[in-house]
Amino acid sequence: MRRGIILLIFLSAIVACRKSSPPQTQPPRKITLAYTPQPNCALVHIAVANGYFAQEGLDVRPLMHTYGKAALQSMLEGKADLATVAETAVRITR
């Protein structure tokens, strides 16, 4: 009996996870993403190429930079909404 209840709960959880999300009724949200051609941004390149951002309701405008510090500067200047960087030194002033 306990084994049957556990199996039923497990199967219910699997079915709940497989439900597809309802179709989006809102227009895609437009964002600008500053990133680089460096290997540490490979997942961003894959997401852009395969349309993963669009599937999540985002209209991504890519803003390519040669290195992460320039991408971060674009975001700080308001030219981009998000930026990818690797290791960035931050100076804290008081």
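These are my notebook entries on what I looked up in this predicted model.

**Entry 1: overall make-up**

I started with the whole chain. The protein has 4 helices and 3 strands. Reading along the sequence, I wrote down the pattern α-β-α-α-β-α-β. The accessible surface comes to about 8,100 Å², and carbon and sulfur atoms account for 59% of that surface. I then looked up burial and found that 19% of the 94 residues are buried. For contacts between residues at least 6 apart in sequence, I noted that 66% join residues at least 24 apart.

**Entry 2: the sheet**

In what order do the strands stand in the sheet? I read the order as E2-E1-E3, in an open sheet of 3 strands with parallel pairing. Strand E2 (58-64) and E3 are at the edges. Each of these two has a single partner strand, so one side of each lacks a neighbour in the sheet.

I checked the two pairings in turn. E1 and E2 run parallel and are joined by 7 bridges. In this region I found arginine 29 opposite leucine 58 in E2. E1 and E3 also pair in the parallel sense, over 2 bridges. Here alanine 34 has alanine 83 in E3 as its bridge partner.

I asked how many residues of E1 are buried. The count is 5 of 7, so the strand is largely enclosed by the rest of the structure. Next I looked up the largest nonpolar core, which has 6 residues: Ile31, Leu33, Tyr35, Cys41, Val44 and Val60. Strand E1 (residues 29-35) gives the most to this core, with 3 residues. As a reminder to myself, side chains in a regular strand alternate between the two faces of the sheet.

Apart from neighbours within four places in sequence, valine 44 is in contact with Leu33, Tyr35, Phe53 and Thr84.

**Entry 3: threonine 84**

Threonine 84 lies in the segment after strand E3 (82-83). Is threonine 84 buried or exposed? Its relative accessibility is 17%, and the cut-off for buried is under 20%, so threonine 84 counts as buried. Setting aside neighbours within four places in sequence, I listed its contacts as Leu33, Ala34, Tyr35, Thr36, Cys41, Val44, Gly68 and Ala71. Among them, Leu33, Tyr35, Cys41 and Val44 are members of the largest nonpolar core.

**Entry 4: histidine 45**

I moved to histidine 45, which is in helix H2 (residues 42-50). Its relative accessible area is 27%, so histidine 45 is partly exposed. Which residues does histidine 45 touch, not counting those up to four places away in sequence? I found Tyr35, Thr36, Pro37 and Met64. I also looked up a distance to proline 62, which is 17 residues from histidine 45 along the chain. The C-alpha atoms of the two are separated by 9.7 Å.

Leu43, Ile46 and Tyr52 make a nonpolar surface patch of about 320 Å². I checked one of these, tyrosine 52, and placed it in helix H3 (residues 52-55). Tyrosine 52 has 39% relative accessibility and therefore counts as partly exposed.

Note on methods
Residues numbered from 1 in each chain as written. Predicted model: local features only at pLDDT ≥ 70, side-chain atom pairs only at ≥ 80, totals over all residues. Heavy atoms only, no water. Patch = residues over 30% accessible without salt bridge, like charges linked within 9 Å, V, L, I, M, F, W, Y side chains within 5 Å. Areas by Shrake-Rupley, 256 points an atom, 1.4 Å probe, with all protein chains shown as cover. Salt bridge = Lys/Arg side-chain N within 4 Å of Asp/Glu carboxyl O. Buried < 20%, exposed > 50% of the residue type's maximum accessible area, 1.4 Å probe, protein only. Contact = heavy atoms within 4.5 Å. Core = buried A, V, L, I, M, F, W, Y, C linked by side-chain atoms within 4.5 Å. Pairing = 2+ DSSP bridges.
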